[in-house]
Amino acid sequence: PTMSSATTPDLSAGHSHGESRLAHLPVALFSIVMGMAGLAIAWMKAHHVAGLPALPGDILRWTASSIYVFLLVLYTTKLVRHPAAVAAEHRHPVRLNFFPTISIGLILLSIAWATTAPEPARWMWTLGAALHLGFTLNVMSSWLHHTHYDIKHANPAWFIPVVGNILVPIAGVRFAPVDVSWFFFSIGLVFWLVLMTIVLYRLFFHEPLPARLTPTLFILIAPPAVGFLSYVTLNDQVDNFARILYFTALFLTLLLLGNAPRFFRLPFFISAWAYSFPLAAMTIASFEMSRQTEGPGYAILGSILLITLSAIVGLLLIKTLIAARRGLICIPE
């Protein structure tokens, strides 16, 4: 049914329809916050490094914050009214990995607000980091004691719970002892290598990802790109290991952008927001390389990526709003 068909004179029917749509609200919608916050931070970085206007970053971080609050209210309402639906999502071998987007969104917002609103950012970071550690322990416990996982369930979204820990040090060095940041960085980095092996094995030797999950291939870019940013934050220099992380992310970006026609042919799914944050991470990493090494080529690359990222996020917003209006999002899958 379309959104317009939900408006009928029968108020009880309209209420029932709204309740059924709420029950199917996907937790993966929080990936929109990741994309918007990532774009905001990218514009803020471009302002400080390349002198681009500051206004887009300010507007985007307010927008990302508003979307986060809106989705948090909706999903909390779903938890209260439809706990069985939330539990079913939590048991799902793929959707389980999107629950940590809730905590990652909060961590990203803390990064976006760290310089201009340090006290609210501190609370967002503290809550986000603690919540993400809880999600990591929960998801990894599920993996260890599973009864329903198969190799076909492995996909790049598996990086989200564990590798999201790598984000923590970017703002964490401001708000907590440095060993706290190293703790989270270590978890993310080590298990990125483990999961990378599993996911590549699944991609190389088993059937291709279903169309709905194909956009998640871009998540491959995020761990080394974010890893570079966190490592440089912890060490305040670009050494050889930092370069390995950056150029690994750059290679994966080239690999996936070289296969762009395959992605253009896909129909729109909410999973398409997986294009946004990894590209944002690569954009921010390129501007950081420019700042650290004073190499003009990195600033040019960052600017090209920023333009591309802005266009992609704009297109994703339009397609998401169209899909919502047509009633194609909060439905059974």
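**Exercise 1. Is Thr214 buried or exposed?**

Before the solution, a word on the model. This is a predicted model, in which local features need pLDDT of at least 70 and side-chain atom pairs count only at pLDDT 80 or more, while totals for chains, interfaces and linings use all residues. Residues are numbered from 1 along each chain as its sequence is written, and side-chain values use heavy atoms, with hydrogens and water left out.

*Step 1.* Start with the cut-offs: buried means under 20% relative accessible area, exposed means over 50%, and partly exposed is in between (1.4 Å probe, protein chains only).

*Step 2.* Thr214 has a relative accessibility of 15%, so Thr214 counts as buried.

*Step 3.* Now find its place: Thr214 sits in the loop between helix 9 (178-205) and helix 10. Helices here are DSSP runs (H or I, at least four residues), as strands are (E, at least two), numbered from the N terminus.

*Step 4.* Look at its surroundings. Not counting residues up to four places away in sequence, Thr214 touches Leu209, Phe263 and Leu266, where contact means heavy atoms within 4.5 Å.

**Exercise 2. Work out how helix 10 and helix 11 pack, then inspect the loop between them.**

*Step 1.* Two packed helices are described by the angle between their axes and the distance between the axes. Axes are lines fitted to C-alpha atoms, for helices over the stretch in contact, and the angles run from 0 to 180 degrees between N-to-C directions.

*Step 2.* For helix 10 (residues 222-235) and helix 11, the angle is about 155° and the axes are 8 Å apart. That makes helix 10 roughly antiparallel to helix 11. The classes are roughly parallel for angles under 35 degrees, roughly antiparallel over 145, roughly perpendicular from 65 to 115, and oblique for the rest.

*Step 3.* Helix 10 passes helix 11 in a left-handed crossing. A crossing is left-handed if the near helix is turned anticlockwise from the far one by less than a right angle, and right-handed if clockwise.

*Step 4.* Residues making this contact include Pro224, Phe228 and Tyr231 of helix 10 and Phe241, Leu245 and Leu252 of helix 11.

*Step 5.* Turn to the loop between helix 10 and helix 11, where you will find Asp236. Most residues other than glycine have a negative phi. Asp236 is not a glycine, yet has a positive phi of about 55°. With a relative accessible area of 57%, Asp236 is exposed.

**Exercise 3. Which residues does Thr253 contact beyond its sequence neighbours?**

*Step 1.* Once neighbours within four places in sequence are set aside, Thr253 is in contact with Ile221, Leu279 and Met282.

**Exercise 4. Compare the directions of helix 8 and helix 9, then classify a ring pair.**

*Step 1.* Helix 8 (residues 168-175) packs against helix 9 at an angle of about 170°, with the axes 8 Å apart. The two helices are therefore roughly antiparallel to each other.

*Step 2.* Val168, Pro169, Gly172 and Val173 of helix 8 make the contact with Ser181, Phe184 and Phe185 of helix 9.

*Step 3.* Now for the rings: the structure holds 18 aromatic pairs. In one of them, Phe183 and Phe184 have ring centres 5.3 Å apart and planes at 80°, so the pair is edge-to-face. Rings of Phe, Tyr and Trp (its six-membered ring) pair if their centres lie within 6.5 Å; planes under 30 degrees apart count as stacked, over 60 as edge-to-face and the rest as tilted.

*Step 4.* Phe183 is partly exposed at 42% relative accessibility, whereas Phe184 is buried with a relative accessible area of 5%.

**Exercise 5. Describe how helix 2 meets helix 5, and the setting of Ser103.**

*Step 1.* The axes of helix 2 (residues 31-50) and helix 5 come within 9 Å and cross at roughly 20°. That makes helix 2 roughly parallel to helix 5.

*Step 2.* Helix 2 passes helix 5 in a left-handed crossing.

*Step 3.* Among the residues that meet are Val33, Ala37 and Met44 in helix 2 and Ile104, Leu108 and Ala112 in helix 5.

*Step 4.* Ser103 also lies in helix 5 (residues 101-113). Its relative accessibility is 0%, so Ser103 counts as buried.

*Step 5.* Not counting residues up to four places away in sequence, Ser103 touches Gly128, Leu131, His132 and Phe135.
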